[in-house]
Amino acid sequence: MTVSSTGPVRKVTTGAPWEEQFGYSRAVELPNGLVLVSGCTSVVDGVIDAGTPYQQTITAFGVAFGALEQLGLGPADVVRTRMYITHARDVDDVGRAHKELFNDVRPAASMIIVSGFVDPSLVVEIEIEAYRGDRGGRES
């Protein structure tokens, strides 16, 4: 992963092919301390980890946490999560994974059922927003 700056905005890129192909960053940190993490799935190093919905959720959040770490943040800094799932039957498994990761943090959260993702073996995609707050300003 690489952190770069465009003016006051910092961006994290992972080198994933879709970032270059579609022109996006894995995460963007705004000057006010808000960090937006792009949709993450259970794709690690270009390989789909197509486990259970629970496993895919844990892996997807792990990808997002990796981007946060590049900016000096972690799960405790997450203020909002969005979980996109392809079937209502997966609500409990995805919710259980979310609770294990965020039970003490309690971010605002949404779970949305969608028709599908770029690969049919993917059943979960997540987005997170984190906030640096007033912990002494941005890290370089």
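Is glutamate 29 buried or exposed, judged by relative accessibility? At 0% relative accessibility, glutamate 29 counts as buried, where buried means under 20% relative accessible area, exposed over 50%, and partly exposed in between (1.4 Å probe, protein chains only).

## Basis of the report

The model is predicted: local features need pLDDT of at least 70, side-chain atom pairs count only at pLDDT 80 or more, and totals for chains, interfaces and linings use all residues. Residues are numbered from 1 along each chain as its sequence is written, and side-chain values use heavy atoms, with hydrogens and water left out.

## Salt bridges around glutamate 29

The structure contains eight salt bridges, a salt bridge being a side-chain nitrogen of Lys or Arg within 4 Å of a carboxyl oxygen of Asp or Glu. In one of them, glutamate 29 pairs with arginine 10 at 2.9 Å, N to O. Glutamate 29 belongs to strand 3 (residues 27-29) and arginine 10 to strand 2 (residues 9-13), so this pair ties together parts that are 19 residues apart in sequence. Helices (H or I, at least four residues) and strands (E, at least two) are DSSP runs, numbered from the N terminus. Arginine 10 also counts as buried, at 6% relative accessibility.

Glutamate 29 forms a salt bridge with arginine 132 as well, and the closest N and O atoms are 2.8 Å apart. This pair links distant parts of the chain, for glutamate 29 is in strand 3 and arginine 132 in the segment after strand 9, 103 residues apart. Both glutamate 29 and arginine 132 are buried. Through shared partners, salt bridges join Arg10, Glu29 and Arg132 into one network.

## Helix 3

Helix 3 (residues 91-102) consists of twelve residues. From its first C-alpha to its last it reaches 16 Å, close to the 16 Å expected at 1.5 Å a residue; the expected span is 1.5 Å times one less than the number of residues. Its buried residues are Val94, Ala97, His98 and Phe102. These residues cover an arc of only 110° around the axis, which puts them on the same side of helix 3; the arc is that of the directions from the helix axis to the C-beta atoms. They pack against helix 2 (53-70), strand 7 (78-85), strand 8 (108-113) and strand 9 (124-131).

Glutamate 100 counts as partly exposed at 47% relative accessibility, and arginine 96 is partly exposed with a relative accessible area of 41%.

## Serine 42

Serine 42 is placed in the loop between strand 4 (34-40) and strand 5 (43-44). At 0% relative accessibility, serine 42 counts as buried. Leaving aside residues up to four places away in sequence, serine 42 touches Val47, Ile48, Asp49, Gln56, Thr59, Ala60 and Leu122, contact meaning heavy atoms within 4.5 Å. The C-alpha atoms of serine 42 and arginine 10 are separated by 24 Å, and the two residues are 32 residues apart along the chain.

## A nonpolar surface patch

Trp18, Phe22 and Val118 form a nonpolar patch on the surface, together having about 340 Å² of accessible area. Patches are made of residues with over 30% relative accessible area and no salt bridge; like charges are joined within 9 Å, and nonpolar side chains (Val, Leu, Ile, Met, Phe, Trp, Tyr) within 5 Å. Accessible areas come from the Shrake-Rupley method with a 1.4 Å probe, and for residues only the protein chains shown count as cover. Valine 118 lies in the loop between strand 8 and strand 9 and is exposed, with a relative accessible area of 65%.
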